Amino acid sequence: MRFHLSRFALATGFALTEHGRNRFAMVLVILFVPLWTTLAYLAMPDTPAHMRLHATGETLAPHGNELTEISGALNAVTLITGFMMFAATFSGNRFDRRLAMAGYPRAHLLLAKVTALALISAAVAAYATTVTCLAWTPRQPLLLAAALFTAGLTYGAIGVGFGSVLRREVEGMFAIVMTSIIDLALQNPITSSGADTPLMRYLPSYGAMQASTTAGFSTTPVPRYLAIEFAWFTGAALIALLGFCGSTRSTLPANPHLPEPGSESGAAHLPTPRRAAAPAATADTETP
C-alpha cells in the first residue's frame, strides 16, 4: 500500500509541476474568465428570453445577459481545462512514455492525471462561480459550481485524448476551441433557434448546460443532469485512457532477433572473403 501511495504521490507531483509551468494557462484563468463572462453580461441586452427548461419542465423568461453569462462561464471553463490538459499531455507524452517503459505503473500515471484534472476543474469552476455572483445572484450557486466542475472534467478528459492522438499542437487547440464553441453555441437560446431540439441532448455539455441554467433561474435540484455530464466525462476518460496507453506503449519488438552466438571460444564469425577470380586463358598459351 505504501508503494502505491508513494508512486501515486510522485506522479501527481509530476502532473501538477507540468501544469504549473504553463504560465499562459495561469494568465487565462486569471484574466480570461472574468473578461469573457463580464463582456457577455454587459454586451448582451437584458431583454427576457422565453425558453422551456428541459431539466425541470418549467417555462422561464430569464434576462438575456444573465443567460449568456452562464453560457460564457461554461465556455471559459471548458476551454481552459481542455487547453491545460491537452498542453500537459502533448508536452509530457515522451516523459510519460519513458516512465512507462522504465516500469512505472501506467495506472498511477493515469490516476495522477485525473487528480490534477479534478483539482484544476474545481479551482476554475469556483473562480468562475465567484465572478458570476459578483454581477448577479444565481438561485443555486453551489449547483452552478457543480455544473461548471463537471463540464471542466469532461473537456479536460477530451483534452487528454486529443493530446494523446494528435501530433501537432495547433491541431489540438483548434479541435478544443471548435468543439466548445459548437457545443455551447447551439444550446444557447439567445444565439440558436434550435436550442430546444432533441438533438442537443447528444452534445458533450448538455447536462452541464441544463444544470447551470437551472442553478441560475430555478430552485429545483437536478442531480440527474449532473449524472449525465459525469457519464460524458466517464466516456471521454475511457477514450483518453486508450489514447494514453497507445502513446506510451513500447515500439520495440516483442522478440528481437539476436545474432547467433559465435564459436565456443566466444569469437564472432566473420564473413569469408571472396577469392579473386582466376585469370582467363589467353589465345597464345602453350599447350603441353
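Modeller: On a 1 Å grid over the protein atoms alone, a cavity is a set of points where a 1.4 Å probe fits but cannot get out, and lining residues have an atom within 4 Å of a point. A volume is the space filled by probe spheres set on the points, which are joined across faces, edges and corners. This is a predicted model, in which local features need pLDDT of at least 70 and side-chain atom pairs pLDDT 80 or more, while totals for chains, interfaces and linings use all residues. Residues are numbered from 1 along each chain as its sequence is written, and side-chain values use heavy atoms, without hydrogens and water.

Colleague: How many cavities of 30 Å³ or more does a search of the whole structure find?

Modeller: The search finds one. The largest cavity holds about 110 Å³ of space. Its lining has 14 residues, and M51, Q187, P189, A195 and Q210 are the closest to its centre.

Colleague: Which element gives the largest share of that lining?

Modeller: Helix 7 does, with four residues; helices (H or I, at least four residues) and strands (E, at least two) are DSSP runs, numbered from the N terminus.

Colleague: How is the packing of two helices described?

Modeller: One gives the angle between their axes and the distance between the axes. Axes are lines fitted to C-alpha atoms over the stretch in contact, with angles from 0 to 180 degrees between N-to-C directions. Helix 5 (residues 141-165) and helix 8 (residues 223-247) pack at about 20 degrees, their axes 8 Å apart. The two are therefore roughly parallel (angles under 35 degrees).

Technical notes: Angles under 35 degrees count as roughly parallel, over 145 as roughly antiparallel, 65 to 115 as roughly perpendicular and the rest as oblique. On a 1 Å grid over the protein atoms alone, a cavity is a set of points where a 1.4 Å probe fits but cannot get out, and a pocket is an open set with protein on both sides within 12 Å along at least five of seven lines; lining residues have an atom within 4 Å of a point.
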